[in-house]
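Subject: Structure handover

Hello,

Here is the structure you were expecting, with the sequence alongside. My notes follow below it.

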Amino acid sequence: MDNILSIISRYLRGASTEDEIKVLYSWLSESEENRQLFAGLSANMSLHRNTTASDIEVRKEKMLSRLNARIDASAEKKKKTSVFVWASGIAAAAVVILGLFLFLPAKCPVPEDVILSNNTEATHLYNLPDGSKVCLMPGTTISYNVSGVSERHIRLDGNGFFDIAKDSLRPMTVMTKDVNLRVLGTSFTVKSKQGYQDTEIVLETGSVRLTTPSGVPLVCLSPDQKAVFRSETSDITIESIAATPYVVSNYSIVSLTNSTVREIIDAIEMTFKVKVSISGNPDRKRYNFNFLKSDSPADVVKVLQLLTGRDCSLVSGNN
């Protein structure tokens with residue numbers, strides 16, 4: 001097990017050899033528990049900006065015991081776990097495996113785009129292989145490819161919130177029926193569905209450059225701005241908006257960017273009306289952290305524990 005954890009660690013840092021990738025792929029195909037373990041470690045690295053190789057080596061045994069305990073608990077209780085981190089269930093496991101395919105050598109078949117649809121009646125938050133997060137409303141579909149050497153793209157049909165992982169060498173383009181959004185590391189919402197005339201963008205953090213599908217520049221947005229593109233007239237209107245309350249109200253998602261552990265705990269406590277304890281003294285590390293208001297507070301706290309490597313627990317409130 002220690003050997004496979006070392007291989008996973010190197011793979012997620014982009015330092016694995018072709019032989020190690022083959023070993024990893026074989027191990028993933030052996031069981032659902034292996035795929036869940038990989039999903040948990042991948043989520044940890046994608047969410048934590050300051051993770052280093054030494055951090056992973058020091059903490060991997062702790063992460064393993066926590067993940068195994070989580071898997072065992074899930075098996076016993078048959079409890080549905082939040083899809084945005086643990087990737088439980090057949091559909092989410094398929095997304096993890098497809099994400100792995102995106103990073104395989106050229107000799108292996110690599111799909112050009114991965115399709116992800118939310119066909120449920122609830123909002124869901126997903127991790128993409130590059131560390132970006134997408135929150136899809138019911139009836140929303142995206143197709144994405146985030147494995148490109150020089151660029152990444154997502155095609156949207158529906159209503160979604162996006163928290164794009166920063167990668168200055170590989171900008172992201174979110175494509176809709178009427179406009180494209182060019183971003184680096186940004187959080188924003190987009191409403192754009194086939195059959196509807198308007199495309200709406202609300203920018204929470206970072207910056208977004210809007211272009212036509214052919215690449216003609218239209219406008220650049222700043223945080224707390226809302227743009228509406230009307231396909232009938234090709235007009236764009238811009239207005240000011242309190243973006244964070246808008247995101248929380250419409251998507252039931254709490255999105256924290258470059259936040260301290262104390263700020264994350266404050267948000268968890270305020271959202272769920274609970275109290276959270278954490279071991280050790282506060283540090284200066286900052287994290288990107290997202291969760292849905294419909295998530296179990298116990299699951300959110302466990303994600304925080306995995307993310308920070310520090311013991312976290314609910315001391316009051318509902319589990």
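To begin with the cysteines, the structure holds zero disulfides. For reference, a disulfide is a covalent bond between the sulfur atoms of two cysteines. Two cysteines can be described individually. Cysteine 135 is buried, because its relative accessible area of 0% falls under the 20% cut-off. Cysteine 220 has a relative accessibility of 54% and so counts as exposed, the cut-off for that being over 50%. Please keep in mind that this is a predicted model, and that the values here are computed from it.

Overall make-up

The protein has 319 residues, and 51% of them are buried. Its secondary structure consists of nine helices and 17 strands. Of the contacts with a separation of 6 or more, 52% are between residues 24 or more positions apart.

Nonpolar cores

The largest nonpolar core has 27 residues. The residues with the most contacts inside this core are Val134, Ile142, Tyr144, Ile154, Phe162, Leu181 and Phe188. Strand β5, residues 152-163, gives the core its largest share, which is three residues. There is also a second, separate core of 19 residues, and Leu256, Ala267, Val276 and Val300 are among them.

β5 pairs with β8 in the antiparallel sense over six bridges, and phenylalanine 161 stands opposite threonine 189 of β8. Strand β8 covers residues 187-192 and pairs with β9, again in the antiparallel sense, over five bridges. Two partners in β9 can be named for this pairing: leucine 203 is the bridge partner of phenylalanine 188, and threonine 205 is the bridge partner of serine 187.

The hairpin of β8 and β9 has five residues between its strands. Within this hairpin, glycine 195 takes a positive phi near 95°.

On its pairing with strand β12 (residues 225-230), β9 forms six bridges in the antiparallel sense. Here valine 228 in β12 is the bridge partner of glutamate 200.

How far are β8 and β9 enclosed by the rest of the structure? In β8, five of the six residues are buried, so β8 is largely enclosed by the rest of the structure. In β9, which runs over residues 198-205, six of the eight residues are buried, so β9 is likewise largely enclosed.

Helix α2

Helix α2 spans residues 18-28, and its buried residues are Glu20, Ile21, Leu24, Trp27 and Leu28. Those residues lie on the same side of α2, because they cover an arc of only 125° around the axis. The face turned away from that buried side carries the exposed residues Asp19 and Lys22.

Regards

Key
Residues numbered from 1 in each chain as written. Predicted model: local features only at pLDDT ≥ 70, side-chain atom pairs only at ≥ 80, totals over all residues. Heavy atoms only, no water. Buried < 20%, exposed > 50% of the residue type's maximum accessible area, 1.4 Å probe, protein only. Helix = DSSP H or I, 4+ residues; strand = E, 2+ residues; numbered from the N terminus. Arc of directions from axis to C-beta. Core = buried A, V, L, I, M, F, W, Y, C linked by side-chain atoms within 4.5 Å. Pairing = 2+ DSSP bridges. Contact = heavy atoms within 4.5 Å. Disulfide = S-S within 2.5 Å.
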